[in-house]
Amino acid sequence: MALSHETRRRLVFIVAALVVVTMVLASTGCSTTSGAGEAGQDRDGPAPLQASFYPAAVSDICAATDEQLAELPVPGEGIAETDWAGEVARVIASEADSLEDVGTNGEVRDDHRTFVMNTRDQAEQWSLLSAAIASSDADGIDAARTEILELARGRIELAAELGIGGCRERSFG
């Protein structure tokens, strides 16, 4: 059966339209916009990673942060302690930003958010430590160091719960 030129043109148009509709539906199904989604799906952030990819993605972020921290000069050897603590704060805040870009599903969403908040809180404490050192505020130094240790303990526990072994303990210079 031979199709007329006009019929072939219409079929090509219909197929092209179906391809476009399929692509639009596929992209909106994976979008990160707010709105109704599947139960337990985080629709306020990045598209959720499959459970098997989550630990590796987060561990990679932590490993990159650890590399940046290891590259910092040691206080007293090329950098003042105040500046060093400020740089640690900057690197850890950057890590928190990267962690926020990791999509999660309902199973780990709340723990992941807590992990990100812990990381942000650590960055803030490092900033406070830098300021306390700069002003020779012994009480502020003690308070910031104590809070950093408490947050680090919490991070280790969260990392264990989330299965992100590469994000547990951190050493500094």
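This is a predicted model: local features need pLDDT of at least 70, side-chain atom pairs count only at pLDDT 80 or more; totals for chains, interfaces and linings use all residues.
## Helix α5 itself

Let's start with the helix. α5 covers residues 138–162, so to speak its whole run is 25 residues, and it reaches 36 Å from its first C-alpha to its last. That is close to the 36 Å expected at 1.5 Å a residue.

Some of α5 is tucked away: Gly140, Ile141, Ala144, Ile148, Leu151, Arg155, Leu158, Ala159 and Leu162 are its buried residues. The cover over them includes α2 (54–71), α3 (81–100) and α4 (109–134). As for spacing, residues three or four places apart in an α-helix point the same way, because there are 3.6 residues a turn.

## The two ends

Ser136 isn't a glycine, yet its phi is positive, at about 55°. With 64% relative accessibility, Ser136 counts as exposed. Then, at the start of α5, Asp137 has a side-chain oxygen that comes to within 3.3 Å of the backbone nitrogen of Asp139.

At the other end, Gly163 follows α5, and Gly163 has a positive phi too, near 75°.

## Arg170, after the helix

Now look at Arg170, in the segment after α5. Arg170 counts as buried because its relative accessibility is 18%, under the 20% cut-off.

Which side chains make polar contacts with the side chain of Arg170? One is Asp66, at 2.8 Å, and another is Glu95, at 2.7 Å. Setting aside neighbours within four places in sequence, Arg170 is in contact with Cys62, Thr65, Asp66, Leu69, Ile92, Glu95 and Arg155. Arg155 is also one of the buried residues of α5.

Terms used
Residues are numbered from 1 along each chain as its sequence is written. Side-chain values use heavy atoms; hydrogens and water are left out. Helices (H or I, at least four residues) and strands (E, at least two) are DSSP runs, numbered from the N terminus. The expected span of a helix is 1.5 Å times one less than its number of residues. Buried means under 20% relative accessible area, exposed over 50%, partly exposed in between (1.4 Å probe, protein chains only). Contact means heavy atoms within 4.5 Å. A polar contact is a pair of N or O atoms within 3.5 Å; within protein, one must be able to donate a hydrogen and the other to accept it, and residues adjacent in sequence count only if both atoms are side-chain atoms.
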